[in-house]
Amino acid sequence: MNEIKCPKCGEVFQVDESGYAAILKQVHDTEFNKELMNRLKEHDKAHESEMELAVAKANANKEKSIADLQKKIAELEGQIELNKTKSESAVEKAVQEKENEIMKLQNSMELEQNKWQLKEKSLSETHAAELKRKDEEIAYYKDLKARQSTKMVGETLEQHCEIEFNKIRMTAFPKAYFEKDNEVKNGSKGDYIFRETDDNGVEFISIMFEMKNEMDKTASKHKNEDFFKKLDKDRKEKGCEYAVLVSLLEKDNELYNEGIVDVSYMYEKMFVVRPQFFLPLISILRNAALNSLQYRQELALVKSQNIDVTNFEDKLLDFQDKFNKNFISASDKFQTAITEIDKTIDHLQKVKENLLSSERQLRLANDKAQDLSVKKLTKGNPTMQAKFAELGSGKDVKPDDGIDD
């Protein structure tokens with residue numbers, strides 16, 4: 001809730017947010033209309049002062065010319081009176097000549113008066129046209145203010161340009177692309193992008209747009225030049241041929257009020273326009289691009305041929321690269337197989353040596369087995385000697401005395 005104190009009775013009362021906002025809007029509209037009317041009155045007074053000064057100057061010059069002529073007339077009349085004493089013929093002749101001269105002077109005076117009247121009329125028409133132009137600007141600006149909401153003023157200008165374009169899109173630009181730039185590159189993006197292609201899909205015109213406006217009461221006033229660098233960067237980032245700043249900044253700068261301003265001396269292919277020149281500039285750039293479309297199509301054909309050659313070379317290099325990788329892989333596997341075979345041969349050689357060694361051991365064991373006898377087995381064992389003796393001869397066997405036969 002907000003408190004409001006009545007300036008007359010001093011009573012304090014409370015209003016909610018919506019009521020408070022409505023009161024603020026009424027105050028704002030009243031102050032704005034008051035300020036607007038004051039400016040119009042000041043402009044009218046200045047115009048009236050200029051007109052009065054011009055008329056006064058013209059009248060002063062006219063009066064001076066009349067006075068000079070009247071002085072000359074008086075002088076001539078005096079001379080006529082002095083010459084009257086001379087002959088009648090001389091007087092008549094002189095009078096006639098002076099009358100002719102007076103007539104010429106009168107005609108000259110009338111021409112001078114007409115000249116000043118025409119100049120006064122021209123000056124009045126010029127001021128009237130200037131006043132009308134100012135009135136139209138004020139009316140447009142007032143209408144723009146009236147239609148503003150809580151959205152940014154720059155967005156209002158964007159909507160205005162988009163609506164104006166869409167009005168003639170299907171009749172003037174049926175195949176054109178005109179949309180907001182929503183892709184951020186390197187932390188930046190423009191407002192709108194215009195592109196158009198021919199029937200073969202060859203792009204022949206592209207424009208990056210930036211729309212700028214600001215409120216009257218903005219503390220720090222921007223200049224159009226403040227946005228040139230960013231606009232040029234956005235144009236290059238999105239691959240556009242032209243860059244256009246649609247601006248309501250610097251309202252009193254006559255350079256930007258005259259029409260289409262080419263600032264390519266600062267940044268390549270860049271223009272600054274007021275909103276009323278937004279569509280005419282697109283048409284101018286588009287028509288110029290259409291005149292060079294044939295050359296663009298031929299260039300696109302050459303580029304496509306170069307791309308085909310490049311693709312062939314890329315495929316050949318890709319095949320060589322893959323073949324080389326396969327060869328290296330096969331060579332590595334072949335070398336690994338050779339190493340494994342060598343290891344297997346070493347292992348078999350060891351097995352062979354072990355088998356040969358085992359054979360020697362078996363042969364020695366066999367020799368020992370062949371050399372084995374009962375006598376050697378029972379040597380030092382009288383009991384076994386006696387048993388084998390009984391089995392062999394049926395006689396008593398004497399115990400071995402430990403001496404070999």
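Which side chain meets that of Arg286 in a salt bridge, and at what N to O distance? The partner of Arg286 is Glu196, at 2.7 Å from N to O; a salt bridge here is a side-chain nitrogen of Lys or Arg within 4 Å of a carboxyl oxygen of Asp or Glu. The pair links distant parts of the chain, with Arg286 in helix 6 and Glu196 in strand 4, 90 residues apart. Both residues are buried, where buried means under 20% relative accessible area, exposed over 50%, and partly exposed in between (1.4 Å probe, protein chains only).

This is a predicted model, in which local features need pLDDT of at least 70 and side-chain atom pairs count only at pLDDT 80 or more, whereas totals for chains, interfaces and linings use all residues. Residues are numbered from 1 along each chain as its sequence is written, and side-chain values use heavy atoms, with hydrogens and water left out.

An open sheet of mixed pairing is formed by 6 strands in the order 3-4-5-6-8-7. Strand 3 (177-180) and strand 7 (261-262) stand at its edges with a single partner strand each, so one side of each is left without a neighbour in the sheet. Strands pair if DSSP finds at least two bridges between them; helices (H or I, at least four residues) and strands (E, at least two) are DSSP runs, numbered from the N terminus.

Strand 4 (residues 192-197) runs antiparallel to strand 5 (residues 203-212), joined by 6 bridges, and Tyr192 stands opposite Phe209 in strand 5. The two strands form a hairpin with 5 residues between them, and Gly201 in the turn has a positive phi of about 80°. Strand 5 also pairs with strand 6, in the parallel sense, over 6 bridges; there, Ser247 in strand 6 is the bridge partner of Lys212. Strand 5 is largely enclosed by the rest of the structure, because 8 of its 10 residues are buried.

**Helices on the sheet**

Helix 4 (residues 228-237) lies across strand 5, strand 6 (242-247) and strand 8 (270-273), and runs at about 150° to strand 5. Helix 6 (residues 278-291) packs on the sheet, touching strand 3, strand 4, strand 5, strand 6 and strand 8, with its direction at about 160° to that of strand 5. Axes are lines fitted to C-alpha atoms, for helices over the stretch in contact, and angles run from 0 to 180 degrees between N-to-C directions.

**Salt bridges**

The whole structure holds 14 salt bridges, among them the following.

| Pair | N to O distance |
|---|---|
| Arg286 and Glu196 | 2.7 Å |
| Glu203 and Arg195 | 3.3 Å |
| Asp232 and Arg235 | 3.6 Å |

Glu203 is partly exposed, with a relative accessible area of 33%, and Arg195 is partly exposed at 21%. Asp232 and Arg235 both lie in helix 4, 3 residues apart, about one turn of the helix, and both are buried. Salt bridges that share partners also join Glu210, Lys212, Lys230 and Asp234 into one network. Asp232 counts as buried because its relative accessibility is 8%. Leaving aside neighbours within four places in sequence, Asp232 is in contact (heavy atoms within 4.5 Å) with Tyr267, Glu268 and Met270.
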